[in-house]
Amino acid sequence: MTLSRIFNFSAGPSMLPESVLERAAAEMLEYQGSGMSVMEMSHRSKVYDGIIKNTEKKLREIMSIPDNYKVLFLQGGATLQFSMIPMNLLVKNGKADYIVSGSFSGKAYKEAKKYGEIHLAATSKEDNFSHIPTQEELNLSKDADYLHICENNTIFGTTYNYLPETAGVPIVSDMSSCILSKPVDVSKYGLIYAGAQKNMGPAGLTVVIIHEDLVGEPQEKTPVLMRYDEQVKAESMYNTPPTYAIYILGLVLDWVDSMGGLSGMKEHNEKKAALLYDFLDGSRLFKTNVVKENRSMMNVTFFTGNEELDAKFVKETAAKGFSNLKGHRSVGGMRASIYNAMPMEGVEALVKFMKEFEAANS
Ligand SMILES: *Cc1c(COP(=O)(O)O)cnc(C)c1O
């Protein structure tokens, strides 16, 4: 069988490193002398216990997660965290601040309102989310239980270039589309969460990193599976965790390590993003709306200004063997998601094609 893997620019689920898929394939029928596939194993078995513990250990090492933070492997996607966070954390003053800088943070804000007094600290809706509100634009509450941000806006292609000063209010960050892309100082956050299907592994796994001081009694009637305290106590095994996805995350972390850890990853991602943005800045045909200081390394949004030409571009890229370059339905235009696993060659091939398309159409 000949393989024809293409450059997949999907925003998620997205590309995984080829070496990870090869190792998963090699271990598919029998995992390391256990006589079975990881998918078939009891989550309470000794072999699986080794897999989940080792995955957590590698994540702690790679992200330098301090000992006073808990790591949870949950289900429900980043979206379930939109509910779980307020249900568990709105317990001191019952108030939280939200910055709405795009679509997912808007959803998180709307959901949180069901559980307490939610204050809009800032939004960039008026410029169609083409920038991230600056510290000066923030209207923060002193008595908030937390401040929620979405650190990389997957749909609009913007990212924070600073972390808000909150005078001690814990920061809760949705890192779904930027986790593992560069080093972060975990100690500056109260809680970090991410759906796995962008930079960590397959869909079905959600990673939560939470400061132990935030793990406590949640609001009344919080479902048991949605209680951080119960999940911490059960070491993510209150019920069956997403076993196979956790195993794949372990393989992805080995790959990140082989790339030089998070500083190596950052270098790799900066090079890819610079190639694409430099081209966009010099292009006669393509442009991006995103302000320079908030350009995402992970999701690059661009357009020609002519919808028919955008559609033609998307169609031609598909024929060329690139997939998923159409922008999100709420934004239009194009989007290239160039997560960790996208190789440099993928971005080089895309830019080469964009140059050809520009020459033929402008
Ligand atoms: C993809 C994404 C989500 C939604 O994730 P699910 O796992 O599908 O719930 C939320 N926030 C951000 C920033 C995302 O990129």
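Where in the chain does Pro13 lie? Pro13 sits in the loop between β1 (7-8) and α1 (18-26); helices here are DSSP runs of H or I with at least four residues, strands are runs of E with at least two, and both are numbered from the N terminus.

Quick housekeeping before I go on. This is a predicted model, so local features need pLDDT of at least 70 and side-chain atom pairs count only at pLDDT 80 or more, while totals for chains, interfaces and linings use all residues. Residues are numbered from 1 along each chain as its sequence is written, and side-chain values use heavy atoms, with hydrogens and water left out.

Okay, the overall picture. The chain has nine helices and 13 strands. Its C-alpha atoms fill a box of roughly 60 × 55 × 30 Å along the principal axes. The radius of gyration is 21 Å, which agrees with the value near 21 Å for a compact globule of 362 residues; that's taken over C-alpha atoms, and the rule is 2.2 Å times the number of residues to the power 0.38. Of those 362 residues, 55% count as buried, meaning under 20% relative accessible area, with exposed being over 50% and partly exposed in between (1.4 Å probe, protein chains only).

Ser64 isn't a glycine, yet its phi is positive, about 50°. You'll find Ser64 in the loop between α2 (46-63) and β2 (69-74), and it is exposed, at 53% relative accessible area. Lys221 also has a positive phi without being a glycine, near 70°. Lys221 is in the loop between β10 (206-211) and α5 (228-233), and with 76% relative accessibility it counts as exposed.

Now, the annotation. An unreviewed UniProt entry gives "binding site" for Ala78, Thr79, Phe104, Thr154, Asp174, Gln197, Asn239 and Thr240. They span 163 residues in sequence and the farthest two C-alpha atoms are 30.5 Å apart, so they do not all gather at one spot. Keep in mind that UniProt positions are in the numbering used here, feature names are shortened, and annotations may be inferred rather than shown by experiment.

Let's pick one of them, Thr154. It is in the loop between β6 (152-153) and β7 (158-159), and at 4% relative accessibility it counts as buried. So who touches Thr154, leaving aside neighbours within four places in sequence? Its contacts (heavy atoms within 4.5 Å) are Ala11, Phe104, Ser177, Asn299, Arg335 and Tyr339. Phe104 is also on that annotated list.
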